[in-house]
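Trainee: I'd like to learn how to read a structure like this one. Could you walk me through it?

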Amino acid sequence: MYKFMLLIFMISASCGSQKNSDANSSNVELNSENNTVQEGGVVIDLEESVQIGEMVIQFKEVLEDSRCPIGVECVWEGRVRAMVAVSGDGMTTSEKEIIFGKTRPGEPTSKVIGSTQNVTVTATSISPERTADMDAANTAYKMLVTVSKM
């Protein structure tokens with residue numbers, strides 16, 4: 001049931017985001033009356049950038065996908081390590097590693113990608129689920145991020 005609800009949420013979030021085909025990016029809507037960002041979820045495709053308020057976030061790459069495939073019994077549940085790039089001023093970019101699943105000592109546990117005075121953007125999940133015959137190099141990964149007002 002949880003996976004079904006997550007799938008519905010991801011589909012509705014992707015339908016609500018605008019695509020800018022010229023720049024291969026999507027924007028979270030700004031309310032033009034008071035210049036505020038609307039809260040909600042945004043789906044970012046691998047190698048895609050989105051603009052959320054003053055931040056530009058790019059889902060750069062999947063560093064590791066060691067999750068246990070669906071229908072397989074595993075000793076360790078595995079994890080996904082993803083790299084995102086964040087720019088707040090359009091010029092300076094910082095990279096952050098986001099880990100979904102188990103972390104090892106010394107690894108980052110925060111899923112906050114970035115924040116401004118107005119919003120916080122947090123990585124929520126990554127899809128698709130791993131399957132036994134999945135070729136990670138050719139997988140169309142998507143990251144769900146949530147935008148919350150501060």
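Trainee: What should I know before I start?

Mentor: This is a predicted model, where local features need pLDDT of at least 70, side-chain atom pairs count only at pLDDT 80 or more, and totals for chains, interfaces and linings use all residues. Residues are numbered from 1 along each chain as its sequence is written, and side-chain values use heavy atoms, with hydrogens and water left out.

Trainee: Where is confidence lowest and where is it highest in the protein chain?

Mentor: The score to look at is pLDDT, the predictor's confidence in each residue, from 0 to 100. The protein chain averages 78, and 73% of its residues score at least 70. Strand 1 (residues 18-20) has the lowest confidence, with a mean of 36, while strand 8 has the highest, at 96. Across residues 1-36 the pLDDT is below 50, though this stretch has 49 contacts in the model beyond near neighbours in sequence. A contact here means heavy atoms within 4.5 Å.

Trainee: How much of the protein chain is buried?

Mentor: Buried means under 20% relative accessible area, exposed over 50%, and partly exposed in between (1.4 Å probe, protein chains only). By that rule, 34% of the 150 residues are buried.

Trainee: Which residues have the most contacts inside the largest nonpolar core?

Mentor: A nonpolar core is a set of buried Ala, Val, Leu, Ile, Met, Phe, Trp, Tyr and Cys residues joined through side-chain atoms within 4.5 Å. The largest one has 23 residues, and Ile57, Ile113, Val121, Met143 and Val145 have the most contacts inside it. Several strands supply at least two residues each, including strand 5 (40-45), strand 7 (55-65) and strand 12. Take Ile113: leaving out residues up to four places away in sequence, its contacts include Ile57, Val84, Ile98, Val121 and Met143.

Trainee: Which cysteines form a disulfide?

Mentor: A disulfide is a pair of cysteine sulfur atoms within 2.5 Å. There is one by this rule: Cys68 and Cys74, with sulfur atoms 2.0 Å apart. The link is right-handed, with 80° about the S-S bond. Cys68 sits in the loop between strand 7 and strand 8. Cys68 counts as partly exposed because its relative accessibility is 23%, and Cys74 is partly exposed at 39%. Cys68 also touches Arg130, and the C-alpha atoms of these two, 62 residues apart along the chain, are separated by 6.9 Å.

Trainee: Is Thr139 buried or exposed?

Mentor: Thr139 is buried, because its relative accessible area is 14%. Thr139 lies in the loop between strand 11 (119-127) and strand 12 (142-149). A polar atom of the Thr139 side chain is 2.7 Å from the backbone oxygen of Asp135. Setting aside neighbours within four places in sequence, Thr139 is in contact with Leu46, Pro128 and Met134.

Note on methods:
Helix = DSSP H or I, 4+ residues; strand = E, 2+ residues; numbered from the N terminus. Polar contact = N/O pair within 3.5 Å; in protein donor to acceptor, adjacent residues only side chain to side chain.
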